[in-house]
Amino acid sequence: MADSFLGEITQQQIHPQREDKWLWKPEPGGHYSTKSGYHVLWGELTEEIQDADFAEIWKLKIPTKAAVFAWRLVRDRLPTKSNLRRRQVMVQDMVCPLCNNIEEGAAHLFFNCTKTLPLWWESMSWVNLKTAMPQTPRQHFLQYGTDIADGLKSKRWKCWWIALTWTIWQHRNKVVFQNATFHGNKVLEDALLLLWSWFKALEKDFNLHFNQWSSGLRDAFCN
Amino acid sequence: MQRRFLWGGEADSRKIAWVNWKTVCLPKAKGGLGIKDLRTFNTTLLGKWRWDLFYIQQEPWAKVLQSKYGGWRALEEGSSGSKDSAWWKDLIKTQQLQRNIPLKRETIWKVGGGDRIKFWEDLWTNTDLSLRDKFPRLYQISCHQQQTIQQLGTITNSGWE
């Protein structure tokens, strides 16, 4: 025991001229900072959570409110009827307001409903894309734009995904709260106008007129 | 307040928080919104007291805390007297909380002259146990349980003994 005790204490060199110090490991300089302290503490609490696959939402050139909307949709946290019921909100009926047929969950409302599915087909036809589409919002978003079509601009294509889902949601709300009727063509038109206004406002060197731009949609999304 | 800003609602009413707070506070790259968690941030700010008390010794405020309450050492060991101020006791209490442990764990000793490190109780060798915990029987018979390295060893050319 004495041996290992001595072994232990001779490992460290004593430097009489220096002071004993503390070193903060997370910083290269060894000095504590609240920034790295926060990272250590919060990283500790959230170690197990890895949900990074849709982080690119924040890199798209779109308004923040649209990004937050997409973030909620991808996490399935929009107040659809299914989600409201899960949170004990009284909802008169559970059916989708567009088709009056199937329960209104996000996957149905945005992607599988007979009123919205054709919108996706239509937009895929612009860029000659033919593919099966995943069921959940998250998978749908992840696949959208990673499909290989000739020269598809993946970022713009993802922006389109957000513009279209955003517009579907706006129109759905008008149906629910203002008794409006849902017209697929109007949705496409509004969504295109919305996307064009984002590009125009946020992309440098984008100065096409709307009519010009929307009459050549293949060029709008492909090289 | 941050919650109400995010999800809506008035001072006396709440709205549904659609995503749990832990997720909201994740960095965007990890799927959150990158909002700062204030409780955690508060802990890291309080951690500055600990650090500054250790390093800034020439400043009047640090001298006062050193002589009055025992400074960083008292903070580290959580020892306070009954006459200490409420503020100091509170600070000590925050430093003993569970959620402070990572901050202590990420701080290591760099041995200099052995003037501040307690030979038996501090973690200064290359292991994750103090000498007290590693050699409890030696510690028991030592008459210098609280002493620093400097007080216990003498320096010779070959090192110290």
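Predicted model: local features only at pLDDT ≥ 70, side-chain atom pairs only at ≥ 80, totals over all residues.
## Overall form of chain A

Chain A is built from 11 helices and 1 strand, and from the N terminus on its elements follow the order α-β-α-α-α-α-α-α-α-α-α-α, with the strand, E1, at residues 21-24. The domain assignment divides the chain into domain 1, covering 15-49, and domain 2, covering 53-221; taken over C-alpha atoms, the centres of these two domains of chain A are separated by 44 Å.

The radius of gyration of chain A is 26 Å, whereas a compact globule of 223 residues would have a value near 17 Å. Along its principal axes the C-alpha trace of chain A spans about 85 × 50 × 30 Å. Of the 223 residues in chain A, 25% count as buried, and among the contacts in this chain between residues at least 6 apart in sequence, 50% join residues at least 24 apart.

In soluble globular proteins, nonpolar side chains tend to be buried together. The largest nonpolar core in this model has 34 residues, and those with the most contacts inside it are A:Trp160, A:Trp161, A:Ile162, A:Ala163, A:Leu164 and A:Leu195. The elements of chain A that give two or more residues to this core are helix H3 (64-74), helix H5 (106-112), helix H8 (154-178), helix H9 (184-202) and helix H11 (217-221). H8(A) gives the most to this core, with 9 residues.

When residues up to four places away in sequence are not counted, A:Leu195 touches A:Cys159, A:Trp160 and A:Ala163. A second, separate core, made up of 9 residues, includes B:Phe54, B:Leu65, B:Tyr69 and B:Leu75.

## Contact between chains A and B

Between the two chains, 46 residues of chain B are in contact with 42 residues of chain A. On the side of chain B that touches chain A, at least two residues each are supplied by helix H2 (21-24), helix H3 (38-55), helix H7 (101-105), strand E1 (107-110) and strand E3 (159-160) of chain B. H3(B) gives the most to this side, with 9 residues. By residue class, the side of chain B that touches chain A divides into 23 nonpolar, 13 polar and 10 charged residues.

The contact also involves strand pairing: strand E1 of chain A, residues 21-24, and E1(B) pair in the antiparallel sense over 4 bridges. Within this pairing, A:Leu23 stands opposite B:Ile108 in E1(B).

## Positive phi angles in loops

Most residues other than glycine have a negative phi. A:Asn100, a residue other than glycine, has a positive phi near 50°, and A:Asn100 lies in the loop between helix H4 (81-86) and H5 of chain A. A:Asn100 counts as exposed because 9 C-beta neighbours lie inside 10 Å, and the cut-off for an exposed residue is 12 or fewer.

A:Asn128 likewise has a positive phi, near 55°, in a residue other than glycine, and A:Asn128 is placed in the loop between helix H6 (117-126) and helix H7 (137-143) of chain A. With 11 C-beta neighbours inside 10 Å, A:Asn128 also counts as exposed.

Technical notes:
Residues numbered from 1 in each chain as written. Chains lettered and ligands numbered in written order. Core = buried A, V, L, I, M, F, W, Y, C linked by C-beta atoms within 7 Å. Buried ≥ 20, exposed ≤ 12 C-beta atoms within 10 Å, placed from the backbone. Contact = placed C-beta atoms within 7 Å. Domains from an automatic or database assignment. Nonpolar A, V, L, I, M, F, W, Y, C, P; charged D, E, K, R; others polar. Pairing = 2+ DSSP bridges. Rg over C-alpha atoms; globule rule 2.2 N^0.38 Å.
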